[in-house]
Protein chains: 2
Amino acid sequence: MNTAVTQKSPQISRLADISAAKPIEKIEAVDTKSRILDAAEELFMEHGFEATSLRLITTAANVNLAAANYHFGSKEELFQAVFTRRLDPMNRDRVTLLSAYEAAASANPKINPLTCEKIISAMFIPALKMARDQEQGGKNFLRLLGRAYADPAPFIREFLSSQYAEMLGRFRAAFGRALPHIPREEVSWRLHFVMGALSFTLAGTDVLKMIAQFHPNEVENDELLLKRLAPFLAAGLRAPVGSAGDDHQWFNEA
Amino acid sequence: MNTAVTQKSPQISRLADISAAKPIEKIEAVDTKSRILDAAEELFMEHGFEATSLRLITTAANVNLAAANYHFGSKEELFQAVFTRRLDPMNRDRVTLLSAYEAAASANPKINPLTCEKIISAMFIPALKMARDQEQGGKNFLRLLGRAYADPAPFIREFLSSQYAEMLGRFRAAFGRALPHIPREEVSWRLHFVMGALSFTLAGTDVLKMIAQFHPNEVENDELLLKRLAPFLAAGLRAPVGSAGDDHQWFNEA
DNA sequence: GCTCATTTAAAACGACTGTTTGAAATTATC
DNA sequence: GATAATTTCAAACAGTCGTTTTAAATGAGC
């Protein structure tokens with residue numbers, strides 16, 4: 001015998017223990033469908049898609065296991081239902097707000113120009129509204145959304161892509177008009193970076209937060225957080241495109 | 001009987017089909033340990049941690065199932081081994097490069113000032129080097145790393161946190177010195193945003209890429225990609241902190 | 001009260017999971 | 001070449017998984 005590695009004696013389940021799931025928590029919606037959605041939202045946020053079993057969800061929701069498949073068909077469809085419930089209206093609000101800004105700018109360009117800050121606020125305000133309105137569920141969903149961006153499952157990525165297609169198209173066009181001196185392709189990339197910083201921040205589960213000396217005792221609210229993010233992103237969007245001199249200096253001096 | 005939802009007739013496995021795994025692919029390392037690491041790196045990147053089974057990994061690596069547990073102890077320890085193999089030297093290179101810049105700046109502040117661009121390049125150059133050196137594995141790992149940032153599994157987050165602690169502390173201090181007019185806490189947040197845009201970009205699996213009209217036929221290399229990212233981040237880091245006027249204007253005009 | 005569609009309940013299905021075991025094969029050491 | 005340490009192998013273990021099935025309970029319309 002031997003040991004290339006000291007083996008752990010007992011088999012410890014890595015997944016959330018279903019026997020430790022409290023049958024009744026704060027899931028208080030009346031109908032079964034909503035109870036399942038609420039529990040799924042919280043548990044998917046906490047453990048991720050693959051690591052969250054239907055038994056864990058239905059136990060937390062205090063409903064029968066078969067109810068999940070009965071009402072939603074499959075686990076994937078339940079996952080999508082969790083998203084559409086909140087993402088659909090949020091992205092609709094974003095497009096509506098952007099349209100309002102565009103109309104105001106069109107009517108009176110001198111007074112209400114469509115600045116980068118305006119466009120960014122059209123993306124953030126609906127997200128903020130959701131985080132504030134449904135006190136618990138809204139924040140859970142934002143964290144879940146931030147994580148879903150990086151999930152490798154193809155069905156998640158295809159689903160999110162279809163959900164975001166219209167909104168992102170509108171905002172890319174708006175940024176393009178607000179930044180006429182920047183090439184269209186560069187604008188696409190910067191919108192890409194904006195989404196990255198945004199989703200990373202909304203997910204709120206990054207490595208930085210677990211390291212000491214990073215705002216140790218202060219509990220930031222989402223509003224203050226996005227007020228920090230906004231100037232950062234606006235400045236990045238307006239930055240001069242990298243000159244040839246910078247490009248060559250960058251990677252050859254080390 | 002009835003149907004609240006049209007049921008899918010057969011049970012289709014959502015996970016990667018092990019029967020479809022090719023026993024021999026391009027995993028050509030000689031020793032079993034490296035073969036497992038190479039296969040695990042690629043499959044974890046492709047399917048995520050939970051959705052990747054040890055049987056899938058060992059089949060792709062063309063080794064026996066028990067070899068994974070024999071050499072690494074557990075699936076979690078295998079996952080961590082995949083990371084330490086590349087992340088450890090990469091972060092060491094980053095700190096070394098930053099130290100070199102700091103020494104040069106200290107010796108001759110007028111000629112070699114420690115600018116934001118310098119510090120950013122100390123983060124990017126080692127990542128670029130890895131992406132170029134090991135042609136396939138390096139890129140795979142960067143995508144895996146970007147996804148791991150958002151993974152909800154506690155052991156992943158704690159592991160990454162410990163791996164990044166020293167490096168991030170050094171870079172936060174460096175940014176603080178390079179941006180003396182910006183409050184320390186604001187610097188921490190902006191480093192946070194930088195990491196978000198960076199990991200999102202390195203992951204390369206975001207929603208934007210799947211939407212039409214986004215660089216449809218051009219295959220960007222990582223070098224050009226980071227040349228686009230750098231000016232964006234540097235401008236954001238140097239942005240004036242949000243004034244009180246901006247703050248109040250932001251969220252109350254909708 | 002009866003009929004009918006809708007919803008809930010308990011139990012089982014087949015498949016897949018990480019891990020362990022004990023013997024065979026291989027490699028190194030003397 | 002014999003002995004010992006290391007590595008590989010096939011097989012099994014004890015669970016959990018998503019899903020389906022069957023029957024019981026519930027509700028509405030008349």
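## Contacts and model

Two residues are in contact if their C-beta atoms, placed from the backbone, lie within 7 Å. In chain A, take the contacts between residues at least 6 apart in sequence: 70% of them join residues at least 24 apart.

This is a predicted model, in which local features need pLDDT of at least 70, side-chain atom pairs count only at pLDDT 80 or more, and totals for chains, interfaces and linings use all residues. Residues are numbered from 1 along each chain as its sequence is written, while chains are lettered from A and ligands numbered from 1 in the order in which they are written.

## Chain A overall

Chain A has 10 helices and zero strands (DSSP runs: H or I of at least four residues for helices, E of at least two for strands, numbered from the N terminus). Of its 254 residues, 40% are buried (20 or more other C-beta atoms within 10 Å of the residue's own, again placed from the backbone).

## Helices α5 and α7 of chain A

Helix α5(A) covers residues 116-133 and α7(A) residues 154-178; they pack at about 165°, axes 9 Å apart. Axes are lines fitted to C-alpha atoms over the stretch in contact, and angles run from 0 to 180 degrees between N-to-C directions. The pair is therefore roughly antiparallel (over 145 degrees).

C116(A), I119(A) and M123(A) of α5(A) meet F171(A), A174(A), F175(A) and A178(A) of α7(A).

## Helix α1 of chain B

Helix α1(B), residues 32-47, has 16 residues and should span 22 Å at 1.5 Å a residue (1.5 Å times one less than the residue count). Its end C-alpha atoms are 22 Å apart, which agrees. Buried residues of α1(B) include I36(B), L43(B) and F44(B). G48(B) follows the helix, with a positive phi near 90°.

How values were computed:
A residue is buried if 20 or more other C-beta atoms lie within 10 Å of its own, exposed if 12 or fewer, and partly exposed in between; C-beta atoms are placed from the backbone. Angles under 35 degrees count as roughly parallel, over 145 as roughly antiparallel, 65 to 115 as roughly perpendicular and the rest as oblique.
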